[in-house]
Amino acid sequence: MFTVNVEKECSCFRKSDMKNSQIFESKDQALMQAQKMAQKMNEEFCQKHNFSVVETGEHFTIRVEENRPAGGCCGGGHCG
């Protein structure tokens with residue numbers, strides 16, 4: 001059995017019709033689903049996060065990372 005999990009459910013994910021913790025019989029099915037989900041999340045969600053797929057054994061995790069503003073500034077007001 002292969003699993004697809006979203007490591008952190010952001011508010012956009014919770015509002016979507018996507019399901020977390022999915023189980024698949026084959027590795028190919030799980031990988032395809034994880035990639036499809038990450039792509040949809042990157043294209044349709046609010047752009048505050050970037051989503052990528054990480055494989056660990058029989059588990060595919062959709063990693064959630066905060067997008068940084070261009071130029072390397074964190075947006076905290078102390079870079080200017």
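## Glutamine 22 and its surroundings

Glutamine 22 touches Phe2, Thr3, Val4, Gln33 and Met37, leaving aside residues up to four places away in sequence. Contact here means heavy atoms within 4.5 Å. The model is predicted: local features need pLDDT of at least 70, side-chain atom pairs count only at pLDDT 80 or more, and totals for chains, interfaces and linings use all residues. Residues are numbered from 1 along each chain as its sequence is written, and side-chain values use heavy atoms, with hydrogens and water left out.

Glutamine 22 sits in strand 2, residues 22-24. Helices (H or I, at least four residues) and strands (E, at least two) are DSSP runs, numbered from the N terminus. Glutamine 22 counts as buried because its relative accessibility is 18%. Buried means under 20% relative accessible area, exposed means over 50%, and partly exposed lies in between (1.4 Å probe, protein chains only). A polar atom of the glutamine 22 side chain lies 2.8 Å from the backbone oxygen of lysine 19. In strand 2, glutamine 22 is also the bridge partner of valine 4.

## Overall fold

The chain holds two helices and four strands. From the N terminus on, the elements run β-α-β-α-β-β. Buried residues make up 28% of the 80 residues in the chain. Among contacts between residues at least 6 apart in sequence, 41% join residues at least 24 apart.

Four strands form an open sheet in the order 2-1-4-3, with mixed pairing. Its edge strands are strand 2 and strand 3, and each pairs on one side only. Neighbouring strands of this sheet are turned by 20° against each other on average, direction ignored. Two strands pair if DSSP finds at least two bridges between them. Strand 1 (residues 2-6) and strand 2 run antiparallel and are joined by three bridges. Strands of a sheet pair through backbone hydrogen bonds, either parallel or antiparallel.

Helix 2 lies across strand 1, strand 2, strand 3 and strand 4 (59-66). Helix 2 runs at about 170° to strand 3. Axes are lines fitted to C-alpha atoms, for helices over the stretch in contact, and angles run from 0 to 180 degrees between N-to-C directions.

## Salt bridges

The count comes to two salt bridges. A salt bridge is a side-chain nitrogen of Lys or Arg within 4 Å of a carboxyl oxygen of Asp or Glu. One of them joins the side chains of arginine 63 and glutamate 7, at 3.9 Å from N to O. This pair links distant parts of the chain: arginine 63 is in strand 4, glutamate 7 is in the loop between strand 1 and helix 1, and they are 56 residues apart. Arginine 63 counts as partly exposed at 35% relative accessibility. Glutamate 7 is also partly exposed, with a relative accessible area of 42%.

Glutamate 55 forms a salt bridge with lysine 27, and the closest N and O atoms are 2.8 Å apart. Glutamate 55 lies in strand 3 and lysine 27 in helix 2, so the pair ties together parts that are 28 residues apart in sequence. Glutamate 55 is partly exposed, with a relative accessible area of 41%. Lysine 27 counts as partly exposed at 37% relative accessibility.

## Cysteines

The count of disulfides is zero. A disulfide is a pair of cysteine sulfur atoms within 2.5 Å. Cysteine 12 is in no disulfide, and the nearest cysteine sulfur, that of cysteine 46, is 3.6 Å away. Cysteine 46 is likewise in no disulfide, with the sulfur of cysteine 12 as its nearest cysteine sulfur.

Accessibility puts the two cysteines in separate classes. Cysteine 12 counts as buried because its relative accessibility is 17%. Cysteine 46 is partly exposed, with a relative accessible area of 39%.

## Positive phi in the loops

Serine 21 is a residue other than glycine with a positive phi, near 55°. Serine 21 is placed in the loop between helix 1 (11-15) and strand 2.

Glutamine 47 is not a glycine either, yet has a positive phi of about 75°. Glutamine 47 is found in the loop between helix 2 (27-44) and strand 3 (49-56). With a relative accessible area of 43%, glutamine 47 is partly exposed.

Technical notes
Polar contact = N/O pair within 3.5 Å; in protein donor to acceptor, adjacent residues only side chain to side chain.
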